[in-house]
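Hello,

Here is the structure for your files. My notes follow below it.

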Amino acid sequence: MAASNLLAGRVAIITGGGSGIGRATCQLFAKNGASVAVVDRTQSSLDETIASLPSDIDNQSHESFVADVSDGGAVRDLVAGVADAFRKPATILVNSAGITRDQLMLKMKEEDFDEVIKVNLKGTFLMCQAVSQAMVKSKVTGGSFINISSVVATMGNIGQANYSASKAGVIGMTKTMAQELSRFEIRCNSVLPGFITTPMTDKVPEKVIKMMLPMIPLGTLGEPNDIAETCLFLASNKSKYITGASINVTGGL
Ligand code: NAD
């Protein structure tokens with residue numbers, strides 16, 4: 001999609017914005033006029049993203065925030081910091097922060113199960129809760145929350161009992177949030193990427209990718225921007241009648 005003013009005047013918080021899908025989403029949202037609050041765990045990854053963002057539409061500006069999304073106190077400070085920095089609360093939230101700790105379930109360590117649930121599921125909950133509380137408190141309506149789940153939430157994947165459970169949880173939780181937050185005019189949807197080329201999938205062995213490819217009707221892995229475009233649609237008013245949905249972006253996998 002060419003650059004437009006689709007998100008002009010809006011503040012968007014994007015977690016995991018220092019890499020992969022989160023970074024591509026920051027770039028596309030900035031191109032479309034949003035002011036972006038980029039969130040990740042390290043300042044260096046944030047600096048790289050911020051340096052790549054255009055800021056020539058409608059007085060937009062961008063800020064970076066180091067925060068761990070699985071820490072409730074850090075998340076509350078982050079959301080308050082965003083409202084201070086932009087002088088209004090964010091109305092768009094993309095939860096792209098996520099981790100894997102793959103292992104066959106017979107050998108999976110309890111701490112690797114807990115850590116994946118804590119970041120992917122609880123982190124998404126904490127972010128949605130803090131942003132919606134800020135919006136409700138300041139009586140701002142017209143929000144869109146986009147939670148990045150995964151196609152493995154619905155199909156399972158060997159070695160990912162923890163990850164697939166966390167991402168299935170994101171889908172159910174997003175549907176509940178959609179029902180609870182619609183009266184505040186906040187829409188909540190999840191996006192289910194298939195295999196997308198990012199630092200996360202760089203860790204997947206070449207032989208596993210070769211096995212996956214024949215199962216993808218469109219014949220290739222996806223690009224981070226394929227997910228970013230779906231997030232842009234869900235963030236903008238073009239999707240104003242869509243809430244509680246979970247959208248596959250998988251090349252047909
Ligand atoms: P990535 O590893 O490139 O980016 C994830 C980012 O999240 C990293 O910058 C990381 O530092 C950040 N992060 C991790 N834990 C965090 C925490 N506790 N607090 C704040 N930031 C944290 O991965 P990606 O491929 O861009 O993945 C983005 C999202 O898409 C993830 O939720 C992932 O599970 C999901 N996803 C990816 C694929 C894929 O094929 N790449 C497929 C399905 C779903």
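How many salt bridges does the structure hold? It holds one, a salt bridge being a side-chain nitrogen of Lys or Arg within 4 Å of a carboxyl oxygen of Asp or Glu. First, the ground rules. This is a predicted model, where local features need pLDDT of at least 70, side-chain atom pairs count only at pLDDT 80 or more, and totals for chains, interfaces and linings use all residues. Residues are numbered from 1 along each chain as its sequence is written, and side-chain values use heavy atoms, with hydrogens and water left out.

The salt bridge pairs Arg23 with Glu48, with 3.4 Å between the closest N and O atoms. Arg23 sits in helix α1 (residues 20-31) and Glu48 in helix α2 (residues 43-51), so the pair ties together parts 25 residues apart in sequence. Helices here are DSSP runs (H or I, at least four residues), numbered from the N terminus. Glu48 is exposed, at 53% relative accessibility (exposed is over 50%, buried under 20%, partly exposed in between, with a 1.4 Å probe and protein chains only).

Next, Gly72. This residue is in helix α3 (residues 72-86). Gly72 is buried, at 17% relative accessible area. Its C-alpha lies 9.7 Å from that of Phe125, 53 residues away in sequence.

Last, a helix pair. The axes of α4 (residues 110-137) and α6 (residues 161-181) come within 8 Å and cross at roughly 15 degrees (axes are lines fitted to C-alpha atoms over the stretch in contact; angles run from 0 to 180 degrees between N-to-C directions). That makes α4 roughly parallel to α6 (angles under 35 degrees).

Best wishes

Technical notes:
Helix = DSSP H or I, 4+ residues; strand = E, 2+ residues; numbered from the N terminus. Parallel < 35°, antiparallel > 145°, perpendicular 65-115°, else oblique.
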